[in-house]
Structure formats: C-alpha cells, structure tokens
Amino acid sequence: MSQITREQILTILQSIPHPKKGDDIVTLGMVQGLVVKGGEVGFALNIDPTEVEIMEQVRKACEAKLRQVSGIDKVTAVLTAERSSTKEMPTKDSGTLKDTKKISGVKHVIAVASGKGGVGKSTTAVNLALALQAIGLKAGIFDVDIYGPSIPTLLGVTEKPVQSEDKKIIPIIKYGLVSMSLGYLMPQDTATIWRGPMVMSAVKQMTNDTKWDVDGELDVLVLDLPPGTGDVQLTLAQTIDVDGAIVVSTPQDIALIDARKGLDMFQKTNTEVFGIIENMSYFLCPSCGDRSDIFGHGGAREVAEKLGIDFLGEIPLHMDIRNTSDNGTPLVTHDPNSPHSEIYINIAKKIAEKL
Ligand SMILES: Nc1ncnc2c1ncn2[C@@H]1O[C@H](COP(=O)(O)OP(=O)(O)OP(=O)(O)O)[C@@H](O)[C@H]1O
Ligand SMILES: [Mg+2]
C-alpha cells in the first residue's frame, strides 16, 4: 500500500474547524511540526492558552479522524501554547526571578549535562535518580532531550501518560521513580525536526502541566538535558530553576575540553555546578576483574581540580551498565547491591549533601 503523505494528512485536517473561529485548523496555521514516518503521524496544535479545554476536544477529534485512515497506525497530537509570562509567573510579593521558574510539586532540580553526545548522560541520569531514591529521597526524572528522548527505553516504558481530572498530565511511575519524557508524548524520532520555539513550548507545557507530586512532593527532579552546549540547552537551563548541574564526561572528551564548555554554559547562567562525573572511566574485565584505563582515565578529576569544581566519581565501562539500560531495567534497580550500583549511590549521597 502506498504511504500516506503530509498533503493527504493536511487535507484531512482541513475538515476540522476551530470551534469558535469557524475556519479550519490548517488554514488558521495551528497545525505545526507535522511528521509522517511510515504509519506514524505526529504534530502539534498551537493554541491560545485560554482555550485549552475546547482545543483538547479538537486534539482528540484530530487523532480520532486520522486513526480511521488506512495506512495510519499511530497518531499523536499535542497541544502547545506560548503562555503569557504573567500567567506563568506566580505573583508572589517576595518572589525573586528564581522563584518564578520553580516547578510546582518539586523541591529541588538537578540537571545532568554533557559537552557532547553519547557520553552516557541519560544512563547516568536515570541511575542517579534511582540512587537518590535508594538513599531515601522521593525522586523523579524529566527527559528534556528533544533530540532523542531515551528515558522511555531506559525505563522500559511503553504506556502513555494520562490526564487527571484537573487537566494535569499524570507522570509515569516506574520502579517507584516518577518520570516524564517528550518521548512519552510523541512518536519516536518526531521531536528531532520540531522547530526550536515549539520544542520550548512543549517543554514548558510539560514542566508546568505535569502533576509531579502525584505520588507525594518530589525531593529531587533530575533533568536529562540534550547533549551539547547550544541555545536549546541554555534556554532550558534558564527556563527551569536548576539547583545545580552535573556534567558527565568520558576521559576522551575531557581531553577535547568539551566538558569545560558545558561548565561555561552553567557559569554563564549562574547555575551552580555540583560537579563532574567521569563515565566509561576505566574498563573492568568481567572475567578476570582486572582494571584497564583504556582511555587514559582521570582527566575529569584533573579538570575538576583545575576549575575548582567537585569531582563526584568515576563510573567504569561495563556491560552490566549497558545491558540493563538497553533492557529498560537500569542497574540501580536491577541489582542495587552490585559494586556499580554502589558507585551511583555514593555519587547520589554527595549530591544529596549539596541540596
Ligand atoms: N558506564 C557505562 N558502561 C557501559 N556502557 C555505558 C555506560 N554508560 C553508558 N553506556 C552505554 O552507552 C550508550 C550511550 O549512553 P547514553 O544514551 O546514556 O548516552 P547519552 O550521553 O545520553 O547520549 P545522547 O547524547 O545520545 O543523549 C548506551 O548504549 C549506554 O548503554
Ligand atoms: Mg541521552
């Protein structure tokens, strides 16, 4: 069967009118970021924030209509809105600018960042969140990696969040950990081609509309930031009130001083840097237990010392860490007493002290 095209989808959506304005949602320019990938369709409806309720009905109508079309297996429509700043900011007399970005239901936020991709940031973030939970804190993880959300895979989550009666998004709870990810809302790979501003409003919407305290107030929410130190990362760090940042680095990329850029970024935004973690730091032979520093480990510690930043710990390159992540059962929950879990727990203790 021939594949469904963007034009066909837009034609179908043209049959859906805005309930108040009369014109259809395509003509009104509300359909944004349309992505068609095989039988998966995803897009955002850019709405007026005062019309969330009626537009939720329209969103559902869009999904229902497209689902009936043969050749479409999966449809995800999300609402995005540029909120007016007055609405977003609680009017607290004593409120400093910092207070205004506080997430409701969350006491502390830490951001896990890296200078470049593929250093194990998400793996570290999820294991750290579980380790913070293991030491008695109520923890959550918020995947704001718009380029490739990986928390759904890391936690093995396939269900979608539902809405509460008060129109909040109920986060997914897995292994006791509260979690939210763009990946829960969009078909895989969709977000990558969203335009920057849309991504930002989706992130803001998720930040503000998620019922983070569904299972009790969170002591700490761990942000899994997208890799790199560009505008998106900067905006994210500015949008959400971050207590402290943790930079993950491998020994190789420390040599390339990528991690320093990550540090610079936070220093520019006056975000405290809690410290550096060296990941895939050394190789522990699974059969003989011998340790080899294949990448010349220790660079992160040196950089940290030079910059006067704490060195939080080193995590070896180990198949158990990789396999458990890929299977959706992160090591700290899969085998909490393993030596590697202990490393994450020790780092979590250092972070908890800083909060
Ligand atoms: N300490 C480790 N030992 C073995 N494998 C690891 C370790 N840390 C991460 N990995 C593996 O490395 C790969 C990349 O990890 P991960 O997705 O966490 O990186 P990332 O920095 O979040 O990447 P991205 O930049 O794409 O977001 C994954 O397959 C993961 O299982
Ligand atoms: Mg990642």
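This is a predicted model: local features need pLDDT of at least 70, side-chain atom pairs count only at pLDDT 80 or more; totals for chains, interfaces and linings use all residues.
1. Start with ligand 1. The shell around it has 21 residues, and the ones that come nearest are Gly117, Gly120, Lys121, Ser122 and Thr123. The biggest giver is α13, with four residues.

2. What sort of residues are these? By class, the shell around ligand 1 splits into eleven polar, six nonpolar and four charged residues.

3. Now for the largest nonpolar core, which has 91 residues; Leu45, Ile110, Ala111, Ala129, Val222 and Leu223 touch the most other members. Helix α5 supplies the largest share of this core, seven residues. Both domain 1 (6-80) and domain 2 (100-354) put at least three residues each into this core.

4. Beyond its neighbours within four places in sequence, Val222 is in contact with Ile110, Val112, Ala125, Leu128, Ala129, Ala139 and Ile141.

5. Have a look at Ile277 too, which sits in strand β10. Is Ile277 buried or exposed? Ile277 counts as buried because it has 30 C-beta neighbours inside 10 Å, and 20 or more is enough for that label. Setting aside residues up to four places away in sequence, Ile277 touches Thr124, Ile246, Val248, Leu312, Gly313, Ile315 and Ile347.

6. One last pair: Lys121 and Ile277 are 156 residues apart in sequence, yet their C-alpha atoms are 9.6 Å apart in space. Lys121 is also among the residues that come nearest to ligand 1.

How values were computed. Residues are numbered from 1 along each chain as its sequence is written. Chains are lettered from A and ligands numbered from 1 in the order in which they are written. A residue is near a molecule or strand if its C-beta atom, placed from the backbone, lies within 6 Å of it. Helices (H or I, at least four residues) and strands (E, at least two) are DSSP runs, numbered from the N terminus. Ala, Val, Leu, Ile, Met, Phe, Trp, Tyr, Cys and Pro count as nonpolar, Asp, Glu, Lys and Arg as charged, and the others, Gly among them, as polar. A nonpolar core is a set of buried Ala, Val, Leu, Ile, Met, Phe, Trp, Tyr and Cys residues joined through C-beta atoms within 7 Å. A residue is buried if 20 or more other C-beta atoms lie within 10 Å of its own, exposed if 12 or fewer, and partly exposed in between; C-beta atoms are placed from the backbone. Domain bounds come from an automatic or database domain assignment. Two residues are in contact if their C-beta atoms, placed from the backbone, lie within 7 Å.
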